[in-house]
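Dear colleague,

My notes on what was found in it follow directly after.

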Amino acid sequence: MRRLLFLNGIKAFEAAARTGSFAAAGNELNVSAAAISRMVHLLEERLGVALFERKANKLVTTAAGRAYQSGLTPIFDALASLTAQVTAPSSVRVLTIGVGPTFAMKWLIPRLGEFRKEEPDIEVRITTGGAAAPFGDDWTCGVKLGDGEWPGLVAEPLFAADLLPVCTARLANSLKRPADLKGPSLIRVAHSPDDWPSWLKAAGVTRITARGQEFQFYGQALQAAIDGLGVAMGIRPYIDDDLAAGRLVAPFALGVPKGMRWYLVYRGFHADQRDFAAFRRWIIRAAAEPAGRRKGARSA
C-alpha cells in the first residue's frame with residue numbers, strides 16, 4: 001500500500017520552501033500565510049522532523065527541509081505536466097522551448113522547418129530563455145550556455161562555444177594579422193566582456209583594447225558586423241550560417257574556447273514523453289551537422 005502523508009501539508013511546505021516565504025506560498029495556493037504556517041507545522045509534527053528554522057524576518061530550510069524540497073519539486077512539476085497532457089485536447093501537441101533571442105534567430109528558427117517536415121503535428125513554441133533565465137515551469141526543454149550544472153535538470157551537450165572574430169569581406173581585406181585590429185572597431189557584447197580579451201590574449205596581442213560600439217545581445221553585434229560597423233566577436237553556432245552564406249567572413253583562423261558549452265536542458269520526467277523524445281533526437285542530430293552543410297541552407 002502506498003502511504004501518502006498529509007498532501008495539503010506537503011504542498012504547503014514545497015511552495016513555502018521554493019518561494020522562500022509563507023506569504024508567497026499562500027498567494028500561490030490561494031490561502032492565507034497563517035494557513036500555510038499551520039499546515040507546515042502539522043506536517044513537521046507528523047514527520048517528527050523540523051523543516052524550517054523560523055527567524056524574525058526570514059524563513060530558512062533545515063538540512064532535512066532542503067532534501068525534502070529538492071525531491072518534492074520535480075514530483076509536483078511532473079504531476080502538473082502529466083495533468084496538462086491528460087486534459088489537453090488530443091489534437092494539441094505543443095513543445096515549449098526556452099532559448100535566448102540570438103540562439104532562436106541565428107540557429108533554431110532557421111532549422112525549425114526541418115523538424116516540422118519530420119513532425120508536422122507538433123507545434124514548437126519559443127519563449128525567452130538565455131543563460132541567466134531560470135528554467136520556466138511551462139518549458140518542455142531549453143538550450144543554455146554554461147557548465148552543464150543546473151540542479152534538478154538533465155543537461156546534454158550540443159555544441160562547443162568557440163570564439164571567432166567576424167566581419168565583412170571588405171573589412172577583412174585590411175586585416176592581415178591580429179595586430180592590424182583597431183580597438184574602436186571591435187564591437188562588444190555587454191554581458192560577455194571577457195570575449196575580446198580572451199581572444200586577443202590567445203592571439204598574442206596585448207596592446208589592443210576593444211572600444212567599439214556595445215550591444216546587449218550577440219545577435220545585435222553580429223548584425224552590426226554584417227552592416228560593416230566593425231569586427232564582432234562571433235560565437236559558434238551563431239555565426240555558422242552567416243559564414244556559410246558569405247554574409248560574414250573570419251579574417252583569422254584562430255578559434256578560442258569560451259570555456260562553456262551549449263546544452264539541451266530538461267527535467268528528467270520529460271525523457272519518455274513521445275513528442276519531446278522526437279525533438280530531442282532531432283536537435284541532437286541537427287547540432288552534429290557540419291557547419292554550413294544544413295539541408296536547404298541558401299546563400300545570401
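The count of disulfides in this predicted model comes to zero.

Phe-279 is among the residues with the most contacts inside the largest nonpolar core, together with Phe-103, Leu-108, Leu-181, Trp-196 and Trp-262. This core has 58 residues. Its largest share, seven residues, is supplied by α10. Another core, of 17 residues, lies apart from it and includes Ile-10, Ala-12, Met-39 and Phe-52. As general background, nonpolar side chains tend to be buried together in soluble globular proteins.

Helix α10 spans residues 274-288 and contains Asp-275. Is Asp-275 buried or exposed? Its relative accessibility is 13%, and buried means under 20%, so Asp-275 counts as buried. Beyond residues up to four places away in sequence, Asp-275 touches Arg-93, Leu-95 and Ile-122. Asp-275 also forms a salt bridge with Arg-274, with the closest N and O atoms 3.5 Å apart. Arg-274, by contrast, is exposed, at a relative accessible area of 60%.

In total, the structure holds 13 salt bridges. One of them joins the side chains of Arg-18 and Glu-28, at 2.6 Å from N to O. This pair links distant parts of the chain, with Arg-18 in helix α1 (residues 7-19) and Glu-28 in helix α2, ten residues apart. Both are partly exposed: Arg-18 has a relative accessibility of 36%, and Glu-28 one of 38%. Salt bridges that share partners join Glu-14, Arg-18 and Glu-28 into one network.

A further salt bridge connects Asp-240 and Arg-236, whose closest N and O atoms are 2.3 Å apart. Asp-240 is buried, with a relative accessible area of 13%, whereas Arg-236 is partly exposed at 27%. Arg-236 is also joined to Pro-237 by a cis peptide bond, with omega about 10 degrees. Pro-237 is found in the loop between β9 (231-235) and α9 (240-245).

Finally, Asn-30 lies in the loop between α2 (22-29) and α3 (33-47). Its phi is near 60 degrees, a positive value in a residue other than glycine. Asn-30 counts as exposed, because its relative accessibility is 70%.

With kind regards

Conventions: Residues are numbered from 1 along each chain as its sequence is written. This is a predicted model: local features need pLDDT of at least 70, side-chain atom pairs count only at pLDDT 80 or more; totals for chains, interfaces and linings use all residues. Side-chain values use heavy atoms; hydrogens and water are left out. Helices (H or I, at least four residues) and strands (E, at least two) are DSSP runs, numbered from the N terminus. Buried means under 20% relative accessible area, exposed over 50%, partly exposed in between (1.4 Å probe, protein chains only). Contact means heavy atoms within 4.5 Å. A nonpolar core is a set of buried Ala, Val, Leu, Ile, Met, Phe, Trp, Tyr and Cys residues joined through side-chain atoms within 4.5 Å. A disulfide is a pair of cysteine sulfur atoms within 2.5 Å. A salt bridge is a side-chain nitrogen of Lys or Arg within 4 Å of a carboxyl oxygen of Asp or Glu.
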